[in-house]
Amino acid sequence: GGFARLTSGGLEDTGIAWDPRTQEPTVGVVSVAGGPAGPAFAGVHTVVPPTGFDVPVAWAPDSSFLAVRHFEGATTDQSGSETLNLVSAGGSRVAIIGPLAPEFVGWMTPAR
């Protein structure tokens, strides 16, 4: 039991987000037998939602939130519906739902 990286031919095929605070990559994983989540490999952070799977898009400049494309399905072949989620560093998440397919462009710089 465990999780597998979202890969195609051994290469990440669904997105990697670099954490600006830790300088570590963040990758999504899919459940292969319902086991506990672990790192994809040493030095890599994995994002594991309660259901479905996440594809990391980008960390906020201060590492407070990670934007992910969240899919309800269990595999990349049967991904199900998609929403854009913001995941806090503590793990809580907010779904961004709109009338069109979600698209993430980037983070705004805070006003000074």
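**Before you start**

Residues are numbered from 1 along each chain as its sequence is written. Because the model is predicted, local features need pLDDT of at least 70 and side-chain atom pairs count only at pLDDT 80 or more, while totals for chains, interfaces and linings use all residues; side-chain values use heavy atoms, with hydrogens and water left out.

**Stop 1: the whole chain**

Show the cartoon and colour by pLDDT (the predictor's confidence in each residue, from 0 to 100). The protein averages a pLDDT of 76, and 68% of the residues score at least 70. Confidence is lowest in strand S3 (residues 11-12), with a mean of 52, and highest in S8, at 91.

Now look at the secondary structure, where helices (H or I, at least four residues) and strands (E, at least two) are DSSP runs numbered from the N terminus. You will find zero helices and 10 strands, giving the pattern β-β-β-β-β-β-β-β-β-β along the sequence. Of the 112 residues in the protein, 29% are buried. Here buried means under 20% relative accessible area, exposed over 50%, and partly exposed in between (1.4 Å probe, protein chains only).

**Stop 2: S8, S9 and S10**

Select residues 65-71 for S8, 82-88 for S9 and 93-96 for S10. Two strands count as paired if DSSP finds at least two bridges between them. S8 and S9 pair in the antiparallel sense over seven bridges, and S9 is joined to S10, also antiparallel, by four bridges.

Pick Val87 in S9 to see both pairings: its bridge partner on one strand is Leu66, and in S10 it is Arg93. Then follow the chain from S9 into S10. The two strands form a hairpin with four residues between them, and Gly91 in the turn has a positive phi of about 105°.

**Stop 3: two salt bridges**

Asp54 and Arg93 make one of them, at 2.6 Å from N to O. Asp54 sits in strand S7 (residues 53-59) and Arg93 in strand S10, so the pair ties together parts that are 39 residues apart in sequence. Asp54 is buried, at 0% relative accessible area, whereas Arg93 is partly exposed, at 27%.

Next, select Arg69 and Glu82. Their closest N and O atoms are 2.7 Å apart in a salt bridge. This pair links Arg69 in strand S8 to Glu82 in strand S9, 13 residues apart. Both ends are partly exposed: Arg69 has a relative accessible area of 33%, and Glu82 has 26%.

**Stop 4**

Start with Glu72, in the loop between S8 and S9. Glu72 is exposed, at 56% relative accessibility.

Move on to Gln23, in the loop between strand S4 (16-18) and strand S5 (25-31). Its phi is near 65°, a positive value in a residue other than glycine. Gln23 counts as exposed, at 58% relative accessibility.

Ser63, in the loop between S7 and S8, also has a positive phi near 65°. Is Ser63 buried or exposed? At 4% relative accessibility, Ser63 counts as buried.

**Stop 5: the largest pocket**

Finish by selecting His45, Thr46, Trp59, Ser88 and Ala89, which lie nearest the centre of the largest pocket. A pocket is an open set of points on a 1 Å grid over the protein atoms alone, where a 1.4 Å probe fits, with protein on both sides within 12 Å along at least five of seven lines. Its lining residues have an atom within 4 Å of a point.

The largest pocket has a volume of about 260 Å³, taken as the space filled by probe spheres set on the points, with grid points joined across faces, edges and corners. Its lining has 20 residues. The elements that give two or more residues to this lining are strand S6 (45-47) and strand S9, and S6 supplies the largest share, three residues.

Colour the lining by residue type to see eight nonpolar, eight polar and four charged residues. In this scheme Ala, Val, Leu, Ile, Met, Phe, Trp, Tyr, Cys and Pro count as nonpolar, Asp, Glu, Lys and Arg as charged, and the others, Gly among them, as polar.

Note on methods: Salt bridge = Lys/Arg side-chain N within 4 Å of Asp/Glu carboxyl O.
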